[in-house]
Each structure stands twice: as C-alpha cells, then as structure tokens.
Protein chains: 2
Amino acid sequence: MPQNKQILLDNRPQGEATASNFKLVTGDTPALQDGQVLVRHHYLSLDPYMRGRMNDAKSYAQPQPLGQVMQGGTVGEVVESKSPKYKAGDKVVGMGGWQEYSVVSAEQPGALRKVDTTHVPISHYLGAVGMPGVTAWYGLVKIIDAKAGQTVAVSAATGAVGSAFGALAKARGLRVVGIAGGADKCNYAVKEIGFDACIDYREHKDAGSLSKALKEAAPDGISGYFENVGGMVMDAVMTRMNAFSRIALCGMIAGYDGKPVPMSFPQLLLTNRMRLEGFIVSEHMEVWPDALSELGQLVGSGKFRPRESVAQGIESAPEAFLGLLKGKNFGKQLVKLT
Amino acid sequence: MPQNKQILLDNRPQGEATASNFKLVTGDTPALQDGQVLVRHHYLSLDPYMRGRMNDAKSYAQPQPLGQVMQGGTVGEVVESKSPKYKAGDKVVGMGGWQEYSVVSAEQPGALRKVDTTHVPISHYLGAVGMPGVTAWYGLVKIIDAKAGQTVAVSAATGAVGSAFGALAKARGLRVVGIAGGADKCNYAVKEIGFDACIDYREHKDAGSLSKALKEAAPDGISGYFENVGGMVMDAVMTRMNAFSRIALCGMIAGYDGKPVPMSFPQLLLTNRMRLEGFIVSEHMEVWPDALSELGQLVGSGKFRPRESVAQGIESAPEAFLGLLKGKNFGKQLVKLT
C-alpha cells in the first residue's frame, strides 16, 4: 500500500488560526477490507467552515477532533476496490480529508459519489458543481427567492460560493451586486462572472461609507442578500434592504476567530419586515439533484467558468487555508495532490 | 355638536419622549356629512408602536404628523349616524385617535367594525381580542409554529401582546417562559395567565446572568421566541435557542429612543440555523378572522382574563403613555374617556 501524507489538527487556535495548529504526518494506508475502496485524492477542497470546526464550541457540527486528520471534501480516483459498486479508475467525490489517500466504506450512504468528468473538470465538483455551488443555489432559490429584475447582493463575491451565486442570479434574470476585498476581485466579478456592480469594501472605513456606495450600485434597494462574512459589511447592506427582503445567512467569517461581531442595526429587521435564515446546505440534501443539474449546465456550457486558486501538495494546505481566511484566494481554493 | 378634547403631537422627542411633546386642545366636532358617523370613544388604546411613529424616521408606517391628533385605536359607541351601515348605539372599534370623539366615513373599508359586547367587555377589543391579541397569534401560529410540548418564550410577558401570547401558547399545549420587569409581574404571569415560568430581567445585570436563569426555566431549550424589546433580553434568549428555532420580531422598545441596540451574537442565527422574521400585523389582515375567533373564545369562556391598566380622562393619556414605555403598566394600557 502507498505511503499517505496527512495533516492533523494538533491543537486549537487561540484567536487567529496559525500554521502551528496543524501537524504533518506520514503513514501507511491500511489494507482494504471487504466493501472498502482506496481513493487517491486529486484535489482537496479548502472552505471557510473548516475554521469554525477548529474551535471547541457548540455549533451545527461536532468540532474537528484533535490529533485526527482534518476533515474536508476531496475528488479523486479509485485505485483499488473491494466493493462491487466501484472499480479502479472511477472518478469520485467524497469527504476524504486533508490527506493523499483515503480508505472508504463504499456502502456507507453518501460517502462517495461517482462524477462524470467529460464536460466538467473534476476539480469543479469541489466548487461550482459541488457543495459551494449548491450552497449558493439553496440561498438564492429557497431563501431569497427574488423575482426577475430585482436586485440581490452577496459578500465574498468572488469566492467559490459568491461567484456561483452571481452566475446563478444572472442566469435567472436578477441584478446582482457583489462585495469583495480588492479592485482585482471586483474587476473580475464584473468582467468575468457578470456582476452588475461590485464594491471593494476595503475602500470603506465604516458601514456608513459602504452604505453610500451600495446606494449607487443598487438604486432600487436590495431584495435579497446572501451573507458570508458578517460584521461591517452586513451592517451596511442591511441599511439598503427593501421591505420584505430576505437574508440567507451562510457564513460569518468575521467572527471565526472568536471576536464578537455584533449586528449594529437589528431594528431594520423589524421596520423592513425582513426574514433572515441561517442554513447549512448538508441539511438539505433533497435540493442537491436540482441544484447540481442547474450548476452542471452553467459550467458544462461554458457560461460560467469558475476561477480556482490551486496550491500544490498536501504540505501547502495549512498556509493555503490561512490565506483563504484572509481572503488571499481568488475563486475556489484547492490543493492539488497529484 | 359636543366639545371634543384632543391630544396633538406638538413636537418630536429628542431621545426620550416627554409630556412636552404633546399638546391638549379643545374644539367643536364638525357637523356630519352624508355617509359619516360620530363616535363617542369609551377607551383609547396606548401601544408601544406609537413611540416609533413619533420619530421622523423611515419605518413601516408614516411618521405621526406634527400638529395633528395622535393616531391610535379606540372603542366606543355611535352617537349620531348619517350612514345606513350604523345606527346610534352601535358599539364599534376603530382608529379614532387620542380624542373624545371622532367623525368617521363609514364607507371607508376597515375604518369601523361593529363588535358584540355580550360576552366580551368592550375594552378587550383594544387588547386581547384586538390588534395586540392578533399580533401575538400571528407570531405564535404563523412564524413560531411550535409543536405541543416544545418551549416558547416571550418578552414583555405581561403586556397586552405578551399575555395574549402566553394564554394562546398554553391553550395550544406549549411550555411558555415569560420575561418581565418586576416580581409582581412575574408572579401574575405564572399565577394568573398560566406561564410555566417567568423571569424578572431586572434581577440580572447582563445577558450572561439572564441566560443562566433561562437555562433553568427552559431546560430543553427554546424553540420559538416572540420578541417585543430587543437588547440584552434578546441577547440572553438567543443563547438558549435550539437548532431550527424561530424568532418572531414584533417590537424593539429598547431602541425607540434612538439609542443603538445591537444584537450581540448574530452568529447564533447561523450556528443554530434559526429563522427570524419581522412583521406588522396590519399587513396580514387575512389572519384576523381566525385569530379573533380563537381569542374571543379564550376571553369569552373566561379561560383568559386579560388585565388592564386604566388611566382616567384624555388629559391623562400622555403620562400613561410615557409610563407604558417604561413598563409601568400592568397588562393592557387604556385610557377611559367616559
């Protein structure tokens, strides 16, 4: 069996996460038992939710256990199989974790899913045609549910979720305003993804300033907002939201390091009769087929060409992850393992 | 025609509202035109929402105009009619405002509604069997929608809305925890309305302390919360809410004087996948018949005996209203005008 490099969670962050929270180890992959398959990972997905799990705090998911392989989504190829459901060469998506290989019980429901790489490059099954894409779809379709011509907004607009949200919203006839960190990202959002406008929040020192910029970008107000960050950006967007608008609350990166991120103007939820809903896409598996079908067509047809930031080799995963938390990635953050 | 004492909004509050914001005037009631009726008000309703309208700020309703009669709900008796729809002696509920008489165009939809005072005392049509009761019903039934045996909570628990919420929730088989200001009110909530527990927030100096008390009162967590006040009370309740719980956001008294009332822990909305919805009951007229039927039975059968704080005479309205904003009332705040 091949050697397998793995990244473990060694200790929990005190405030900001650092490289010293992780530990690289090398071990053998165990021999397969009946019903198991060995998967060689081609790509590892890095996602903001992983930061939350590094804390030992009550949340929707169990904390990442100390001393164990960091959990995470992977795509790869079956290299050995003792299951009738898979054969060597099958391309699969799963939750293989921060390591080069994983041994998977093929019978476990949802553990692996075969993917077709004819029209969609395999890496996109970790991004636009995977969990981040379905996340964007759920918030847009099931929570925001805006009518064609209305304006929606999204923070972290060029990330894996934000860019899929923008592409889906445009395809559904909506006006889309993005908020991102940096002129390069905003330029990309408008020119490549098709956002109608994108605001660089780094040019605004407070919510009042950002709110003024949003007024220009969304002169008719905002009917739906997909929130990835929280804090000042959320405060500013809320001041521009219309009566009966909706907020799909997907992430609050601003608070992952344990700093408090209060919502400054909750009374707007009342005066504008807004609906705000927090959600986790893995709790809504019933929407995945419809969502993946729409996302697969967007990407397969070339209408949406998701951008990726790719780090090379499992050793680079911690630094790439810390960069993601600071917004250094540009599009979906991946680690290439082959 | 009779003389009519009226209270006008003379000027807008700078921060806290004061008696000097109001002005008492006396005038004649105008002669009736065809289609109009003259109503003598028996009771004027005082409600927290009125404070919001005294500000000149964007909200769901137009600001109360300066120099005009304060708007507000009234019950009374038709004393003269030039409309075939009403005759002298009819008991009616309407929006007559802070004055002793009003002239109403009977044809205007929703302007007046006849009420039956055989089983329900007329004043309750301004409280439990009126707008405050329907407000509680909407939040409980349409937003919170808890299952029998689950725990729900409400702030300002002995106010007109909170007490109706408690009575409705108990009748529907829920565990109900109230939060109110003072031992007397909490005692009343448990002994008279039937709350399972009531916490005096004045005994807690911060959200952490109140949260501990809530853990005892709601050992299985809180599935739905009806919010009337915002601020520290809301922060504390949110720390005890369960996954997939709902918040019906009806009022934020804590912020009416223009002080900021941030929400301290908005990340809980995400980690617990909560749904929060702001609403105004007057925008959901379709539920009023069902709600009034259920509330009328609760009150008419004697299962729920709403408590009232009654001030005497139109001159007392401003002080009674300012007291309401400070929680000095005990149950529905009314002004008796006859």
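This is a predicted model: local features need pLDDT of at least 70, side-chain atom pairs count only at pLDDT 80 or more; totals for chains, interfaces and linings use all residues.

Entry 1: Buried here is a count: 20 or more other C-beta atoms within 10 Å of the residue's own, against 12 or fewer for exposed and anything in between for partly exposed, with the C-beta atoms placed from the backbone.

Helices (H or I, at least four residues) and strands (E, at least two) are DSSP runs numbered from the N terminus.

Residues are numbered from 1 along each chain as its sequence is written, while chains are lettered from A and ligands numbered from 1 in the order in which they are written.

Entry 2: I looked for its partner and got strand 9 (residues 175–180) of chain A, which runs parallel to strand 8 and is joined to it by five bridges. Pairing means that DSSP finds at least two bridges between two strands. Thr151(A) stands opposite Arg175(A) in strand 9.

Entry 3: I then checked the loops on either side of strand 8. Asp145(A) lies in the loop between helix 2 (131–144) and strand 8 of chain A. Asp145(A) is not a glycine, yet its phi is positive, about 50 degrees. Asp145(A) has 13 other C-beta atoms within 10 Å, so I put it down as partly exposed.

Ala156(A) is in the loop between strand 8 and helix 3 (160–171) of chain A. Ala156(A) also has a positive phi of about 50 degrees without being a glycine. With 27 other C-beta atoms within 10 Å, Ala156(A) is buried.

**Entry 4: Val78(A).** I picked this residue in strand 4 (residues 74–81) of chain A. Val78(A) is buried, because 22 other C-beta atoms lie within 10 Å. What does it touch, leaving aside neighbours within four places in sequence? I listed Val37(A), Val39(A), Tyr86(A), Lys87(A), Ala88(A), Gly89(A), Asp90(A) and Val92(A). A contact means that two C-beta atoms, placed from the backbone, lie within 7 Å. The C-alpha atoms of Val78(A) and Gly89(A) are 5.3 Å apart, although the two residues are eleven residues apart along the chain.

**Entry 5: chain A as a whole.** I counted nine helices and 15 strands. Its radius of gyration is 20 Å, close to the 20 Å from the globule rule for 338 residues, so chain A is as compact as a globular protein of that length. That radius is taken over C-alpha atoms, and the rule is 2.2 Å times the number of residues to the power 0.38. The C-alpha trace spans about 60 × 45 × 35 Å along its principal axes. Of the 338 residues, 51% count as buried.

**Entry 6: strand 13 and the other chain.** In chain A, strand 12 (residues 241–249) pairs with strand 13 in the parallel sense over four bridges, and Leu249(A) stands opposite Gly278(A). Strand 13 (residues 275–278) of chain A is also joined by three bridges to strand 13 of chain B, running antiparallel. Leu276(A) stands opposite Leu276(B) there.

How many residues does each chain bring to the contact? It takes 25 residues from chain B and 25 residues from chain A. Helix 7 (267–271) and strand 13 (275–278) of chain B each supply at least two residues of chain B's side. 100% of the interface residues of chain B are also interface residues in chain A, so the copies meet through the same surface.

**Entry 7: confidence.** Chain A has a mean pLDDT (the predictor's confidence in each residue, from 0 to 100) of 95, and 99% of its residues reach 70 or more. For the complex, I noted an ipTM of 0.91 and a pTM of 0.92 from the predictor.
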